[in-house]
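Let's take a friendly walk through a protein model together. Have a look at the sequence and the 3D view, and then read on.

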Amino acid sequence: MMLSIFQRLPIPADQLVGSYDIRIVALSIIVAISASYIALDLTGRLRDISNTPKATLLWLIGGAIAMGSGIWSMHFIGMLSFSIPGLTLHYDKWWTILSLFLVIIASGFALNLLKATIIRIEHYILGGIILGLAIASMHYMGMEALLISLNIRYLPALFFISILIAIVASEAALFFALKSNQVVLNARAKIKMISSIIMGIAISGMHYTGMAASIFTPLCAPAISNQAGTDPTYLSIGVALVTFVILGVAFLASNYKEALNQQQYEKARQLGMAEISTSVLHNVGNVLNSVNVSTSLIAEKMASSKLKGLEDLSQLFNDNKQDLAALIRDGRAEKAIAYLAMLAKYWREEQDQISSEISRLNTNLTLIKETISTQQELSKITAFQQIISVNALLDEALLITGLTVRKEILIQKHYGNIASISADKVKLLQVFVNLLQNAKDAVMENTIPEKIIILKTSKINKNWIQIEISDNGIGILSKNIVKVFSYGFTTKLSGHGFGLHASALSINALGGEMRVTSEGLGKGATFVIELPTNKV
């Protein structure tokens, strides 16, 4: 059996050596690179957190067809670039169709693996092995589809090297597909292009290594066929054109979805800025009420102060300055001393009360200043990368939402020692404000007496950090968990359904991921954000 597959004996003298049309070879590599780019692009669409289950399924099916047909076309065009002098190559249509379906199914499996929110290392390994074996099987099924009077055997070393290349290329494809969507938005096109070139060359390398492993010998002499066939150049161009049409449709669909996301994000961003301004005005108004209370108390204290009695005491001593001894003789001096002691005690108490109100007044005025300053800074900043402290940015979000002065809500901070990150400050601050505003609304709607919001930051590894915003509010129904990031979905009577959708898009644009967990109604919710620390 092994002898019928592998060339274990010395290469026979009657080996037929083929040649390649370099133009068609170049075309096959271009197809491979194009298919790789589309596969990377579709992975981003598939992992779009705002997708509905139906949309995810459609992207999965369309992505599998585009990716699978692209990889298959590269191999088929690569086969067409090969020729044996004096022999016209023909292909069994059923074997050819079967090889196409095999790689489409394998591509669907790989894309389905990549749509998961959390991908473990074992998923990478298993997915790469299955996809690699499928690609290798497709190639050697294509070889079986050849309708020629030749015996095809394979050099064992190159045969297994070609399979290894297919697996390594698949592992790289899965890695690049995920990582190319975990960088900032404006760097993704460059990363995808570099990654697709590497992937395309690797996939092509597998095919041509497999071809190099093939040994062609005649079954009988002579093994020459002069039967006319379609010119390989025209056939390869035709296959490439059909493939580019499929890939083009996928590319246009992906770009349309991205443009729609950006349109929705800009709309939500404008609403978010308006909400922030409204929140700032509301919170400043609340603080101004406290300022008015403090100033009224100070004015009332000053108006009713008993220290005015010092004027009467001063008048007493002034009237008797020529005979102060008389004050002592009739006992008025003793009463005056007691009265002074009482005024001194009252002055101390009044001073403490006024100082306390002035301190409170100063705190509130500082809070107003900081709130307005933060809002003004936010309105001035344009979208660009800057080094920011996530912990400090969370504190700014608390200030803007007014949670620092809400005595009925307990804020618990569990900030880890995390490094500063390079990110768009405006986008990230809007996400924090939106999540904190939702948490505030959620705990206020719940009937429990103790209302708590917990902020936690931690380091996942040297390249990733995690932010958690939890509350013990009204919670989320399990059936709504998959919908909360969808455009237009809301459970609030006054909600518009843009905030969480825009937040998800912002985190995705920053190269991160966001998810939510909740045990159900009345049991609170936790929003988890994972962000890379090092940006490309």
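## A predicted model

Please keep in mind as you read that this is a predicted model.

## The five-stranded sheet

Let's begin with the sheet. Strands of a sheet pair through backbone hydrogen bonds, and this pairing can be parallel or antiparallel. Here, 5 strands make an open sheet, and their order is β6-β8-β9-β11-β10. The pairing in this sheet is mixed. Because β6 (409-415) and β10 (513-517) stand at the edges with a single partner strand each, one side of each has no neighbour in the sheet. On average, neighbouring strands are turned by 15° against each other, direction ignored.

Now zoom in on one pair. Strand β8 (residues 451-461) and strand β9 (residues 464-471) run antiparallel, and 8 bridges join them. To find one of these links, look for Lys 459, whose bridge partner in β9 is Ile 465.

## Helices on the sheet

Helix α12 (residues 390-401) lies across β6, β8 and β9, and the direction of α12 is at about 170° to β6. Helix α13 (residues 425-445) also packs on the sheet, where α13 touches β6, β8, β9, β10 and β11 (525-532). The direction of α13 makes about 145° with that of β8.

## Another strand pair

Elsewhere in the chain, strand β3 (residues 150-154) is joined to β4 by 5 bridges, and the two run antiparallel. Leu 150 has Pro 218 as its bridge partner in β4. Strand β4 (residues 214-218) is mostly covered, with 4 of its 5 residues buried.

## Two residues to look at

Is Ser 28 buried or exposed? Its relative accessibility is 0%, so Ser 28 counts as buried. You can find Ser 28 in helix α2 (residues 22-46). The side chain of Ser 28 reaches the backbone oxygen of Val 25 at 2.6 Å. Not counting residues up to four places away in sequence, Ser 28 touches Met 74, Ile 77, Gly 78, Ser 204 and Tyr 208.

Trp 72 sits in helix α3 (residues 53-80). Its relative accessibility is 14%, and because buried means under 20%, Trp 72 counts as buried too. Leaving aside neighbours within four places in sequence, Trp 72 is in contact with Thr 96, Ser 99, Leu 100, Val 103, Met 138 and Val 239. Trp 72 and Thr 96 are 24 residues apart along the chain, and their C-alpha atoms are separated by 9.5 Å.

Note on methods: Residues numbered from 1 in each chain as written. Predicted model: local features only at pLDDT ≥ 70, side-chain atom pairs only at ≥ 80, totals over all residues. Heavy atoms only, no water. Pairing = 2+ DSSP bridges. Axes fitted to C-alpha atoms, helices over the stretch in contact; angles between N-to-C directions. Contact = heavy atoms within 4.5 Å. Buried < 20%, exposed > 50% of the residue type's maximum accessible area, 1.4 Å probe, protein only. Polar contact = N/O pair within 3.5 Å; in protein donor to acceptor, adjacent residues only side chain to side chain.
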